[in-house]
Amino acid sequence: MGLFSNKKLLVGVTGGIAAYKTCELVRELRKEEAEVQIVMTKAAQKFVAPLTFETLSDREVLVEMFPQSKSVATRHVDVAQWADCFVVCPATANILGKVAAGIADDLLSTMIMVAGGEKTIFCPAMNSNMYANPIVQRNIETLQRLGYSFVSPEWGELACHAEGLGRLASLERILGKIKHQLLGSEELKGVRVLVTAGPTQEPIDPVRFITNASSGKMGFALAEAAAIRGAEVTLISGPTNLRPSEDIHFREVRTTEQMYEAVHEVYPNTDVVIMAAAVSDYRPSVYSEHKLKKSDNSIVLTLEKNPDILASLGKNKNGRILVGFAVETTDELKHGKQKLKAKNLDLIVVNNPKQRGAGFATDTNVVTIIDRQQHVESLPKLSKPEVAQHILNRIVELIFEAKSKK
Ligand code: CTP
């Protein structure tokens, strides 16, 4: 099941060059199993053909208020009410002005009028002079006051080749906002959660390193899941291709030692730690400043031990909740239980990357969660965001238990 399965999204596309990025947004939403209905303005069709959106969303694209041949008398009302969330992406100065002024003169603006502020998110994108124009700023303020949400544009190179503030927000930020709108809760409000993710890299020379196949997907999914539940989340990750949503404090590190330092810096102000990172246990004893040259002989690489980050946290727990992961290819439960005890954890999430649909670079995982009472919960193959929800449910139970003991 995807993150947005059973969720209905209306995506309004207005006439700006950033409309091509909305295609990618729709793909991501569909990947997470959202139902997506696209509404385009006439100008938007100058930038992207409706057929593109139709193909991506698997639905007819709506444009006309009064299409010939169909009886659609209350469609603008029905579709706007059908949606759980209405994202206007990109939102031009024109649509912001129209909605702020109460104008509903085409299908999209009429639907926004029906949907109202609570479920509508604007993602403005325009030239920086237009964005800075006090009229646009006034309209944004008006809409914000009325409860409309915004994903503010970013600084960068614009379509007119100038640099400035006006570029459409990153996909991650837009998706993060949608997640909050659709799935957000306050369950973990006030709880400080530290998540680690990804692999670590141990350099051998300037161009070579030791690492593992971790993609970071599990750790990132956990960080997002905790943030959606209202936690204050710090994510410390080794090198990955992923970026978290903007409400997550994000630090990227490279080596195990750097991760150790970063984790210990945050640890005093943390209530829950989830160590999902696939940490390298060893590093080359000697780092060569210059690229190692080949010779006719074989070479020996001597490795020395890295610190065990999680074990070091377990020695100074002070009421914190510690969750570890264990990658095991044999005797999963036995080794998982041993690690839980040895590292003084509250939960350990065991997975065997040799199992189908489990492990590092996949979108799914097959895990078993073991707690301090040695209770074993085996989950079926699930998407990583779903696995994250299960782990978070267990953490919420532990927080609740700890509070009721106080
Ligand atoms: N871990 C850590 N620091 C390390 C190694 C592992 O904090 N140097 C953490 C991992 O993030 C994970 C847990 O410890 O949450 C277990 O990691 P795993 O690699 O399965 O076990 P190891 O303790 O490294 O033991 P082994 O590799 O021998 O199975």
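A residue counts as partly exposed when its relative accessible area falls between the buried range, under 20%, and the exposed range, over 50%. By this criterion Phe250 is partly exposed, because its relative accessible area is 27%. Phe220, in contrast, is buried at 5% relative accessibility. The model described here is predicted.

**Aromatic pairs**

A pair of aromatic rings is described by the distance of the centres and the angle of the planes. The structure holds three aromatic pairs. Two of them are set out below.

| Pair | Centre to centre | Angle between planes | Geometry |
|---|---|---|---|
| Phe122 and Tyr148 | 5.7 Å | 35 degrees | tilted |
| Phe220 and Phe250 | 5.9 Å | 65 degrees | edge-to-face |

The angle of 65 degrees between the planes of Phe220 and Phe250 is why this pair is classed as edge-to-face, since the cut-off for that class is over 60 degrees. Phe220 belongs to helix α9 (residues 217-228) and Phe250 to strand β12 (residues 249-252), so their contact ties together parts that are 30 residues apart in sequence.

The pair of Phe122 and Tyr148 is tilted. Phe122 is located in strand β4 (residues 120-124), while Tyr148 occupies the loop between α7 (134-145) and β5 (149-150); the pair therefore ties together parts that are 26 residues apart in sequence. Phe122 and Tyr148 are both buried. Ring pairs also join Phe122 and Tyr148 with Phe150 in a cluster.

Terms used. Residues numbered from 1 in each chain as written. Predicted model: local features only at pLDDT ≥ 70, side-chain atom pairs only at ≥ 80, totals over all residues. Heavy atoms only, no water. Phe/Tyr/Trp six-rings, centres within 6.5 Å; stacked < 30°, edge-to-face > 60°. Helix = DSSP H or I, 4+ residues; strand = E, 2+ residues; numbered from the N terminus. Buried < 20%, exposed > 50% of the residue type's maximum accessible area, 1.4 Å probe, protein only.
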